Amino acid sequence: MNNLKVRAKKMTTKKNKLWPILAFFIPVALMMLIYVCIGILPTGEKTVLTIDLNTQYIAFFSYLREMLTGDRGFFYSFSKTLGGDMAGLNAYYLMSPFNLLLLLFSTEQLPIAVEIITLLKIGLCGLAFYLCITKNKTWHGLIFSTSYALMAYNIVYQQNIMWLDSVILLPLLVLGIQRIIKERTPFLYLFSLFGCIVTNYYLGFMICIFSALFFLYQYLCCTEKQNKNIAVLFQYGASSILGGGLGMYVILPALKSLQGGKAVFDISMLTMSKVFPLRDFLSKIFIGSFDYGQIVTGQPHRYIPLPNIYCGMIVLVFAGIFFLNKKIQIQKRLGMFFLLTILLASFYLKGLNMIWHGFNEPTWFPFRFSFLFSFLLIYAGWHGYCAAEKVSIRYNFVSQVMIYIFLLICVFLTWNRPYDFLMPQKYLVSICIATTGGIIFLLYLKTQKQSLFLMLLLLGCTELFINGHLSLSVFNYADYGDYVAQVQEAEPAINYIKQHDNDFFRMEKTFGRKECDPMLLNYKGLSHYSSCEKNHIKYFMGQLGFRNNGNWAYYNRGSTYAADSLLAVKYLCSETELGYPYELQETIGKVKIYKNPYALPFGFMADDSVLDVSIDNPHKFQLQNELWNSMENSIGKDLFFPEKLSDIQLINMEKSQDSPYTYNKIDPDHLGSVVYTFTAQTDNPVFAWFGTETMKAAKIYVNGKLLGKYFDPHYYDILRLGNFKKGENVKIEIFPLTNSLSLTDAWVYYQDMNVTKDYFRLLSQEGLKLEVASDDFLSGVVNNISGKNLLFLTIPFDNGWKIFVDGKETSAKSAMGVFMSVEIPEGKHQITLKFEAPGLKQGILISSICGVTILIWVFLHRTKKRMKNK
């Protein structure tokens, strides 16, 4: 008999160990099955790269690999447009410990690495929730843990992979709050809060708010008087402060870094206006209640954004049982209702919504805290399930009928709403699954057959799979073969340049994968796209003739040769031929490597005029003349001169009567064009810029040769028309891709290369000759022979840079409103630049103090526990 008991105990122990493993692997298996069905690796050709994961994060991950191997700087990067601090970018995108796995993969294999990390995070969401809700390791919790792992938030927003760490840690944080109240043990909560803040400060901020609300809920609902005292409040408050303080080494530098970025607080936006019609919220509880338009914000579209709160129809039934079960204390039910109502109000009212988002309105991906609502529903569903056995089957049946009536009311209220995802089939499947699940559960209550609960688990997995498949099918995923081809096309040329030139310079390319290619391919470039980029840098790039759409600056087809020279662009990779003055160095595959013989160094002596020159001149060629004149006053000549355009010629186009700048097609079924012609005055390279009031895409041809798109989100920059012989007739044709074209200005200028050489000769002879150079440390010699007293650096002004002249720290001055400059006396001098992330030292100090305090607290806690056990 004793042997049988021992065996039974061992079998129970083994099963108890199995359930957490399944809590991890069931969501992973379902997610992999979804990937297989929509054609994602390993069985398909697609990757998980889509939207920002495709345009931004994959490049950041590539750069992180370089940082971890010591090739690039942690706190500053010259792969970020003109150069920029990395504290904000690191804190928002790259602090997940899972990113260490990237070291095992090459740049070409990064999409595979991202998919593996995504699957790991999805699985850990399930495991964390399972550990949060189950004390006795029952397998019945698998329905709820799987629902949490595959809720709509994790499905739809999974490409924002850096957010998933907070979703993993949330259940552990909640479990930590419970331990503070019941066991006076604060450390699980403390370190979970620290993890949320450090891995992504943005969602960490949201979880801090939620933590306070959930603690109040648990504290007020606690029935044991011994657990409702000052000691509990102290432990929660102290552990919250210490958890946040422990992460200050990340947070303080990030806060400093984000100043001047696109996130700007405007108190006038904190209104109580409605974000969406309230009844539309009910549509998001059903299977497949997602459409791509739901994540688009910040631009005109036909969708009203709604939060992604779906977490399973079966879970929803159990959540309903929670609120209707009389055996659950009324204060718990009312408290949970109050929490859900706060979150609903935060979705519904713009001001509250902005508070959750750090007092800023998100661009795309709205309601980024909606996972908190889903968590509460699933959490309530679990407790509703646990309490169901405490009432009669008849009571449960009546409760379910009330829930189904509620679901039918939701169908009625949302039936004719203008959303593509609202389809009769989805309503029907949702109601059928809810009803079937309820019936199976009633039968289980009656018979206690575990096979019935297994059926319920399978039904829950089936509905989560269906929802995941329907939701992810609307995304456009990058093809793995295309990604590899794009990397392999550019990487050899970039490596060739690095191997043959050890100087410190910028390079770029006129073909590209995405805006963050300098980080993806590890070179110092002029393109970047992230939420952390400074607005004034993007503005400067746009003023200089490069593409700036407000969110990112992009080298694209470039600007003028003078702009390349000013910004130290020494090499240019292109799939097409570039004219004089660029010199062909090598051809690797389709890529031609050109050298710019007039690229200025990163620093050189300049006149004081650079301190006062404005970059606000809207005329891009006149502005470049002003910038070059400000650097070297002695030449007194312009670089750019206008070509003499003939009168505009309209072919199948006519000027609109409503606007002097709009041209409409006469016959929409035939091609129309706006034509400019000029006779080249010199042999110098010619450039053009066309102004517009409204971006309407067009194609531009020069002498019958296609130059590409224009007035396009990616293609709106200074055009390099080419090199022409003096006296040659040049014809520019602009073909609208729609039935109209907005055209305000036509600036066609040539760049005088003789004047360019004069500027280059004078400025480069007093250039900073770097002896040691990295992202965050530059040291070299400059010889001031002309008597100018200003060293001009084409490095963005940043308080993090410390500049030393002959070992003595010297204050930097802002030049051109963007760059740094420093006063240098006549003669030869040693110049050293060191970058120290602002706020880092203070953050480390605060984190160290908190860390020591936590260690002392742990020691005292354990000592007290040992004494109590004795």
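Where in the structure is the place of Asp517? Asp517 sits in helix H21, residues 517-520; helices here are DSSP runs of H or I with at least four residues, strands are E runs of at least two, and both are numbered from the N terminus. This is a predicted model, with pLDDT of at least 70 needed for local features and 80 or more for side-chain atom pairs, while totals for chains, interfaces and linings use all residues. Residues are numbered from 1 along each chain as its sequence is written, and side-chain values use heavy atoms, leaving out hydrogens and water.

Asp517 is buried at a relative accessible area of 3% (buried is under 20%, exposed over 50%, partly exposed in between, with a 1.4 Å probe and protein chains only). Its side chain makes a polar contact of 2.6 Å with that of Lys509 (an N or O pair within 3.5 Å; within protein, one atom must be able to donate a hydrogen and the other to accept it, and residues adjacent in sequence count only if both atoms are side-chain atoms). Leaving aside residues up to four places away in sequence, Asp517 touches Lys509, Gly512, Asn522 and Tyr523, with contact meaning heavy atoms within 4.5 Å.

Most residues other than glycine have a negative phi, and most peptide bonds are trans. Ala568, in the loop between helix H23 (561-566) and E7, goes positive with phi near 65 degrees, and Ala568 is buried at 2% relative accessible area. As for cis bonds, one runs from Leu41 to Pro42, omega near 10 degrees, and another joins Tyr580 and Pro581, omega about 15 degrees.
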